[in-house]
Amino acid sequence: MSLVVRLRSAVCLLGRFPALAGVDLDVEDGDIVLLSGPNGAGKTTLLRLLAGLVPLHAGGAEVLGHDLALDRRSHRRHLSLVGHDTFCYDDLTVGENLRFAARAAGRGIEASDTALERLGLERLRDVTHGRLSAGQRRRLALAVALSRDPRLLLLDEPHAGLDAEGREVLDRVLAGAPAENRTVIVASHELDRARALARREVAVVGGQATATLDPSRATPAPAVTVEAVPR
Amino acid sequence: MNLLRELWVVTAKDLRIEARSRVTIGQVLPFGVIVLLLFAFALDPDRGILPRVAPGLFWVAVLLAALLAVSRAFALEEANGARDGLRLSGLDTGAMFLGKALAVAIQLFVLEVILGAGVVLFYDLTPRAAEVLVPAALAATVGLAAAGTLYGVLAAGLRVRETLLPLLLLPVVAPVMLGATRAFEAGLGLNGAPGEAWPWVEMLGLFALIYTTLGFLAFGPLLEEA
């Protein structure tokens with residue numbers, strides 16, 4: 001198995017504040033990793049670092065074979081991030097937002113149609129993003145992410161705002177990721193739900209070096225530690 | 001070829017948003033028309049001076065409308081974290097710049113046609129020498145759109161974006177104002193013969209080329225910092 005993510009003593013500053021203070025993390029191809037930890041621990045910053053949205057201040061970071069210290073743009077074509085925002089345009093319909101994302105990633109309209117069906121959004125195809133409910137927006141954000149067929153899927157609190165059906169759909173997407181040669185890193189507070197799907201759990205806790213757990217066995221696993229924000 | 005495809009993805013997205021939100025037609029265009037009318041009221045109720053200064057007034061109205069159009073082009077990237085979405089899209093940043101600039105240029109050119117009709121109507125001007133006016137307008141429009149898009153991304157993400165953009169952009173596009181006004185004056189026979197417009201058209205073309213190149217190269221790093 002090749003490494004999709006390799007962080008060594010990675011430090012990220014938000015302003016002058018060290019949002020990540022020396023993170024070590026290895027993620028193998030096809031893995032599903034759960035990031036757990038309290039609010040403000042640095043989970044979102046870790047995901048944004050992996051997406052190349054925030055710069056690496058010190059240490060080493062390789063994602064999908066790209067050294068983020070040298071280039072934090074080239075790997076973006078091969079990943080998707082579902083964050084707190086949907087990254088969509090209010091005046092475009094669900095279908096148009098999906099087509100834009102798929103075309104930008106060099107994929108055809110069929111990719112956006114597939115994602116639309118997969119997330120159960122067909123009946124909302126012609127509804128503008130601005131008129132969607134919070135849960136529907138969440139589904140659209142996930143559909144946009146999948147329409148790009150990413151090798152690495154980064155999910156930040158993906159269960160938030162979803163109804164029961166939406167959570168089922170999301171769980172199916174997560175469970176099917178390894179079969180689609182997709183690596184998933186998910187930050188969530190819905191631990192029971194996420195642990196049932198994740199192969200590994202990495203706790204990100206402010207000021208503490210933490211262990212990596214195998215969620216199914218609830219025993220510490222070796223080789224990965226995350227040291228997060230000193231408070 | 002890939003660059004052209006990606007460029008059009010961005011242009012089509014921005015134009016589709018504009019077609020649905022109708023900000024250019026519903027707000028920017030009326031603003032330009034009001035500016036033309038205010039000049040007409042303020043300068044010359046008897047319409048003696050207006051035809052002579054019409055080219056300058058027309059391009060001032062276009063420039064003010066361009067500020068709104070550029071500001072709008074980047075405001076739509078603010079909601080829902082769309083700017084981060086654009087960064088993550090994987091699109092070439094040069095294509096992003098060209099795509100956004102082309103969308104602004106198309107909107108500006110439509111505005112210029114309508115405002116031009118307004119100038120003919122309000123300022124009692126007879127249009128002529130289209131072979132000079134059209135290239136001059138095209139070159140000026142591309143220059144305004146390229147410089148506007150470059151400074152637009154520079155100001156994007158700042159809380160003072162709306163007030164900073166005019167401060168940055170207006171001094172930079174002064175050569176466009178000068179060149180386009182002189183070219184139109186010559187083209188309309190208000191100041192020299194139509195043939196005298198060509199050096200100004202060339203200057204406008206050079207300005208457009210410089211800012212298109214600068215924007216193509218600088219848009220990516222500026223977007224990352226925005």
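This section describes the two chains of a predicted model, their elements and the contact between them.

Of the 231 residues of chain A, 49% count as buried. Contacts in chain A were also sorted by their span in sequence. Among those between residues at least 6 apart, 67% join residues at least 24 apart.

Strand S1 of chain A, residues 3-14, pairs with two other strands. One partner is strand S2 of chain A, residues 17-28. Nine bridges join S1(A) to S2(A), and the two strands run antiparallel. Within this pairing, A:Leu3 has A:Glu28 as its bridge partner in S2(A). S1(A) and S2(A) form a hairpin with two residues between the strands. In that hairpin, A:Gly15 takes a positive phi near 70°. The other partner is strand S4 of chain A, residues 58-63. Here five bridges are found, and S1(A) and S4(A) again run antiparallel. A:Arg8 stands opposite A:Gly60 of S4(A). In a regular strand, side chains alternate between the two faces of the sheet.

A:Ala61 also lies in strand S4 of chain A. Is A:Ala61 buried or exposed? The count of neighbours settles the matter. A residue is buried if 20 or more other C-beta atoms lie within 10 Å of its own. A:Ala61 has 26 C-beta neighbours inside 10 Å, so it counts as buried. Neighbours within four places in sequence can be set aside. A:Ala61 is then in contact with A:Leu7, A:Ala10, A:Leu49, A:Leu56, A:Leu68 and A:Ala69. A:Asp24 is 37 residues from A:Ala61 in sequence. In space, the C-alpha atoms of A:Ala61 and A:Asp24 are 9.1 Å apart.

Chain B is built from helices. Its secondary structure comes to nine helices and zero strands. From the N terminus on, its elements therefore read α-α-α-α-α-α-α-α-α. Buried residues make up 52% of the 226 residues in chain B. Among contacts between residues at least 6 apart in sequence, 84% join residues at least 24 apart.

The overall dimensions of chain B were computed from C-alpha atoms. These atoms fill a box of roughly 55 × 30 × 30 Å along the principal axes. The radius of gyration of chain B is 18 Å. A compact globule of 226 residues would have a value near 17 Å, so the two agree.

Two helices of chain B illustrate its packing. Two packed helices are described by the angle between their axes and the distance between the axes. Helix H6 of chain B covers residues 130-155, and helix H8 of chain B covers residues 174-187. Their axes come within 9 Å and cross at roughly 170°. Angles over 145 degrees count as roughly antiparallel, so H6(B) is roughly antiparallel to H8(B). H6(B) contributes B:Val132, B:Leu133, B:Ala136, B:Ala140, B:Gly143 and B:Leu144 to the contact. H8(B) contributes B:Val176, B:Gly179, B:Ala180, B:Ala183, B:Phe184 and B:Gly187. By class, this contact has nine nonpolar, three polar and no charged residues.

The two chains also touch each other. Their contact takes 20 residues from chain A and 18 residues from chain B. Which element gives the most to the side of chain A that touches chain B? Helix H2 of chain A, residues 94-104, does, with five residues. By class, this side of chain A has 11 nonpolar, two polar and seven charged residues.

Definitions and conventions: Residues are numbered from 1 along each chain as its sequence is written. Chains are lettered from A and ligands numbered from 1 in the order in which they are written. This is a predicted model: local features need pLDDT of at least 70, side-chain atom pairs count only at pLDDT 80 or more; totals for chains, interfaces and linings use all residues. Two residues are in contact if their C-beta atoms, placed from the backbone, lie within 7 Å. Helices (H or I, at least four residues) and strands (E, at least two) are DSSP runs, numbered from the N terminus. Ala, Val, Leu, Ile, Met, Phe, Trp, Tyr, Cys and Pro count as nonpolar, Asp, Glu, Lys and Arg as charged, and the others, Gly among them, as polar. The radius of gyration is taken over C-alpha atoms; the globule rule is 2.2 Å times the number of residues to the power 0.38. A residue is buried if 20 or more other C-beta atoms lie within 10 Å of its own, exposed if 12 or fewer, and partly exposed in between; C-beta atoms are placed from the backbone. Two strands pair if DSSP finds at least two bridges between them. Axes are lines fitted to C-alpha atoms, for helices over the stretch in contact, and angles run from 0 to 180 degrees between N-to-C directions. Angles under 35 degrees count as roughly parallel, over 145 as roughly antiparallel, 65 to 115 as roughly perpendicular and the rest as oblique.
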